[in-house]
Amino acid sequence: MKSYVMAVVGATGMVGSKFLQVLEERKLPVSKYYLFASKKSAGKKVTFMGEEHTIIELTPENIKGKGIEIALFSAGGAVSKEFAPQFVDIGAVVIDNSSQWRMYDDVPLVVPEVNGEAALNNKGIIANPNCSTIQAVVALKPLYDKYGIKRVVYSTYQAVSGAGVAGYNDLRDGTTTKFPYPIRGNVIPHIDVFLPNGYTKEEEKMIKETRKILGDDSLKVTATTVRVPVFHGHSESINVEFLKPCTLEGIKEALASMENVVIVDDVANLKYPMPIDAEDHDEVYVGRIRLDDTVESGCNLWVVADNIRKGAATNAVQIAEYLIAHDAVKSAK
C-alpha cells in the first residue's frame with residue numbers, strides 16, 4: 001500500500017493534540033509527519049508515534065519541499081484562510097477544521113458516514129463541519145433517507161471544550177477569560193457572536209451546514225445553542241418533523257442501521273446517552289427516542305457525542321481515511 005506524507009497544522013492546540021491521539025490509534029498509511037504550530041510553540045518537543053517530533057513554525061518557507069500530501073488543519077479561520085491555499089499550491093489536500101471554508105460552493109463539507117463521496121470532488125480543500133452539526137447529521141441521515149425531513153429544531157447543550165483551552169479553563173478555574181459570564185454552576189444561551197436577526201453564528205452554522213451536508217436547501221432548520229458546565233461532550237435535543245408517516249420501530253431500525261450510531265434507550269432502567277459516557281469515544285449516541293404527537297409525523301431524539309473527537313479530530317481523520325481508501329489523494333508537487 002502506498003504511504004503518504006502528512007502535516008498537522010495547529011498540532012499543540014486542543015483539537016490538534018487530539019488529532020495526534022486519533023492518528024496514533026487509527027494508524028493511517030503515513031510514512032512521515034510534520035507538526036506545525038505558531039511561532040510561540042515552535043521548537044517544542046512532542047512524542048508522537050513513538051518518536052520525538054519538533055514543532056515547526058508555520059511559515060510559507062517551512063511548508064515547502066517536504067512532499068506534504070495531506071494536511072489536517074485546526075488553527076483557526078484566519079490561519080486557514082492564509083495557509084490552506086499555500087498547502088494546496090504545494091500539492092496537498094487540506095482538511096480544515098475551522099469555519100473558514102465550510103460554506104464555499106466549491107468546498108465539500110463532509111461527514112464520512114453521511115456524505116463521504118463529496119470529499120472526492122474537491123479542489124484541494126475539504127471542510128470539517130461544526131462539532132454540533134457533525135453529530136446531529138449522523139443521527140439525521142438515516143431518518144432523512146427513510147422518511148424525508150420537513151423541519152428540524154435543534155437545542156444544544158455544548159461542553160466548554162468546544163471553546164478551546166480558554167473555555168475549558170473557565171470551567172476548571174471559575175474564571176471569565178473566554179465566556180462573558182461564569183460558566184461554573186451556570187448555563188449561557190450564547191455561543192459565538194450575535195447576528196442582526198438575533199441568532200448566533202453558531203446557530204447559523206448548524207442551520208446552513210445541515211442543509212449543505214444533507215443536500216437539501218428546502219429543509220427548514222432552526223437552532224438554539226447553549227453552553228453548559230460540562231468539560232467534554234455535546235448533547236442535543238433534536239425535534240424532527242417528517243414528510244412521510246413514521247413509526248417508533250421504524251425510527252429505531254433506521255438509526256440502528258447507521259454506521260457509528262449507538263442507541264442507548266432503555267428508560268425503564270434509566271439508560272440514556274450522557275456526555276460523561278461519550279467522552280473519548282468516536283460514536284454518536286442516540287436515546288430518548290419518542291414520537292412527537294404534536295405533528296402528523298415526527299419524533300424527538302437526544303444525541304450525544306465527544307465534540308473534540310467525533311466533532312472535530314476523528315471526523316477529519318476519517319475524511320483522510322476515505323480519500324486514501326479511494327486513492328483520491330493528489331501527489332505532492
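**Entry 1: the pocket**

I started with the largest pocket, which has a volume of about 1100 Å³. My notes on terms: on a 1 Å grid over the protein atoms alone, a pocket is an open set of points with protein on both sides within 12 Å along at least five of seven lines, whereas a cavity is a set where a 1.4 Å probe fits but cannot get out. Grid points are joined across faces, edges and corners, and the volume is the space filled by probe spheres set on those points. Rolling a probe the size of a water molecule over the atoms shows where empty space is left.

Before going on, I noted that this is a predicted model, where local features need pLDDT of at least 70, side-chain atom pairs count only at pLDDT 80 or more, and totals for chains, interfaces and linings use all residues. Residues are numbered from 1 along each chain as its sequence is written, and side-chain values use heavy atoms, with hydrogens and water left out.

Which residues lie nearest the centre of the largest pocket? I found Gly76, Asn97, Gly162, Ala163 and Gly164 there, out of 39 lining residues; a lining residue has an atom within 4 Å of a point. By type, the lining divides into 13 nonpolar, 20 polar and six charged residues.

I then checked which helices reach the lining of the largest pocket. At least two residues each come from α1 (14-26), α5 (164-173), α6 (201-214) and α9 (309-325). The largest share, three residues, belongs to α1.

**Entry 2: the whole chain**

I counted nine helices and 14 strands in the protein chain. These are DSSP runs numbered from the N terminus: helices are H or I with at least four residues, strands are E with at least two. The chain is as compact as a globular protein of its length, because its radius of gyration is 20 Å, close to the 20 Å that the globule rule gives for 333 residues. The radius is taken over C-alpha atoms, and the rule is 2.2 Å times the number of residues to the power 0.38. Along its principal axes, the C-alpha trace spans about 60 × 45 × 40 Å.

Of the 333 residues, 53% count as buried. Buried means under 20% relative accessible area, exposed over 50%, and partly exposed in between, with a 1.4 Å probe and protein chains only. Looking at contacts (heavy atoms within 4.5 Å), I saw that 68% of those between residues at least 6 apart in sequence join residues at least 24 apart.

**Entry 3: His234 and the cysteines**

Buried or exposed, I wondered about His234? His234 is buried, at 0% relative accessibility, and sits in strand β11 (residues 234-242). Leaving aside neighbours within four places in sequence, His234 has contacts that include Cys131, Ser132, Tyr157, Gly162, Arg227 and Asn307. Cys131 itself counts as buried, at 15% relative accessibility.

How many disulfides does the structure hold? I found zero, taking a disulfide as a pair of cysteine sulfur atoms within 2.5 Å. For Cys299, which is in no disulfide, the nearest cysteine sulfur is that of Cys246, 6.3 Å away. Cys299 is buried, with a relative accessible area of 0%.

I looked up two residues other than glycine with positive phi. Asn260 has phi near 70°, in the loop between α7 (248-256) and β12 (261-263). Asp280 has phi near 65°, in the loop between α8 (275-278) and β13 (284-291). Asn260 is partly exposed at 26% relative accessibility, and Asp280 is partly exposed at 36%.

Ser80 is in helix α2 (residues 77-89) and is buried, with a relative accessible area of 0%. Its contacts, neighbours within four places in sequence aside, are Phe73, Pro85, Asp96, Ser98, Gln100 and Trp101.

Asp265 is in the loop between β12 and α8 and counts as partly exposed, at 21% relative accessibility. Not counting residues up to four places away in sequence, Asp265 touches Lys252, Lys271, Gly287, Arg288 and Ile289.

Lys141 is in helix α4 (residues 131-147).

Conventions
Nonpolar A, V, L, I, M, F, W, Y, C, P; charged D, E, K, R; others polar.
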